[in-house]
Amino acid sequence: MHIFVTAGTGFVGNAVVRTLLARGHRVTALVRNPTKAHPIQALGATLVVGDMLQPASYVAQVANVDVVIHCAQLTTTGRVTKKTIANINEADEIMTKALAEACLATDKPLIYTSGYFCYGDHGDTWITENTPANPTPLGVGHQQMVDFLFGLQQQGVLRVAVLTAGFVYGPGGLFKTSFYDTLQKGQLRVFGRGINYWSPVHVDDLAQAFALVSEGQYWGENFNIVDDEPIRLRELVDRLTSQTNHNPVGSIPPWLIGLLIGAPLVESLISSSRVSNEKARRVLGWSPRYASFELGLPGVLAALIEKKKR
């Protein structure tokens, strides 16, 4: 198959590109900076330089491929405020609607990347694809796009599937910047008591799920892509400190850390999401190579250490 992947050098997009190429597919990858894309180009990806805010730079690619995978998200720095989130959501809306329009015009299917913040806080209750959406601040934009896309699917005019990812970890992304790097600086803290559930998924396992959906006929479906063992935030941080030979870190009141990194971000991160992957296992035949954060963490840490040596 020939597959168009947005954000080909992004944390998730890069893993998706590599996985698709390894499975024998042709990949065209949208990138902002081609100098960062030499590794995937060397593996066989075709590069298209563009910007998610400028649809004219990428929509023409849709006509030439079999499937479109939308992984891009606006990159921001500094405190995550309501304005920051509004900018992220606006960029996603521009790109999602532009891709959907191009897919409609060419009868091509679209796979959209959502996140488990769409479900909101459900305490210790298991979350499935049938759980009503009640998004935290970081999930509002994704949920709006999911509703928009499934509205087109239900009208019978667009083939679309949604992958709702958990906390995606690996040797990059949020895990590196907000956990690993912060720990190295001596700044890592647990927000509040840390008894809220997170549902991790290794970035390579997420990429495998994208490949399976691309290769099948799962249009109209939403799949939760998480590992087998949701983990409380306190335990997640403790596993990280233990495996890096650091002392356990203390806690910080959510309101206080909110002043530093942004209250909307903290509100999302302290929500509790115990997400089930049963449907992805049953329908897709997907199973995570790393069934738990504990199993995936050693390889991630080894990869981060290797990167520092280069």
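Close-up 1. V16 is in contact (heavy atoms within 4.5 Å) with V5, I69, C71, A207 and F210, when residues up to four places away in sequence are not counted. The model is predicted, and local features need pLDDT of at least 70, side-chain atom pairs count only at pLDDT 80 or more, and totals for chains, interfaces and linings use all residues. Residues are numbered from 1 along each chain as its sequence is written, and side-chain values use heavy atoms, with hydrogens and water left out.

**Close-up 2. The largest nonpolar core and a second, separate core.** A nonpolar core is a set of buried Ala, Val, Leu, Ile, Met, Phe, Trp, Tyr and Cys residues joined through side-chain atoms within 4.5 Å; buried denotes under 20% relative accessible area, exposed over 50%, and partly exposed in between (1.4 Å probe, protein chains only). The largest core has 37 residues, of which V5, V16, I69, L206, F210 and I225 touch the most other members. Two or more residues each come from β1 (2-5), α1 (11-22), β2 (26-31), β4 (67-70), β7 (160-165), α6 (203-215), β12 (222-225) and α10 (278-284). Helices (H or I, at least four residues) and strands (E, at least two) are DSSP runs, numbered from the N terminus. The most residues given to this core, seven, come from α6. The second core holds 35 residues, including L236, L240, Y290 and F293.

**Close-up 3. Packing of helix α7 against helix α11.** Helices α7 (residues 233-243) and α11 (residues 293-309) pack at an angle of about 40°, and their axes are 11 Å apart. Axes are lines fitted to C-alpha atoms, for helices over the stretch in contact, with angles running from 0 to 180 degrees between N-to-C directions. The two helices are therefore oblique to each other; angles under 35 degrees count as roughly parallel, over 145 as roughly antiparallel, 65 to 115 as roughly perpendicular and the rest as oblique. L236, R239, L240 and Q243 of α7 meet F293, E294, L297, P298 and L301 of α11. By class, this contact comprises six nonpolar, one polar and two charged residues. Here Ala, Val, Leu, Ile, Met, Phe, Trp, Tyr, Cys and Pro count as nonpolar, Asp, Glu, Lys and Arg as charged, and the others, Gly among them, as polar.

**Close-up 4. Packing of helix α5 against helix α11.** Helix α5 (residues 173-184) packs with α11 at an angle of about 85°, with axes 12 Å apart. The helices α5 and α11 are therefore roughly perpendicular to each other. F175, K176 and Y180 of α5 make the contact with F293, L297, V300, L301, L304, I305 and K308 of α11. This contact has eight nonpolar, no polar and two charged residues.

Close-up 5. Leaving aside neighbours within four places in sequence, V49 is in contact with L30, V31, R32, P34 and S57. The C-alpha atoms of V49 and A29 are separated by 8.4 Å, the two residues being 20 residues apart along the chain.

**Close-up 6. Positive phi at A7 and N245.** A7, in the loop between β1 and α1, has a positive phi near 60° and is a residue other than glycine. At 22% relative accessibility, A7 counts as partly exposed. N245, in the loop between α7 and β14 (251-252), has a positive phi of about 60° although it is not a glycine. At 73% relative accessibility, N245 counts as exposed.
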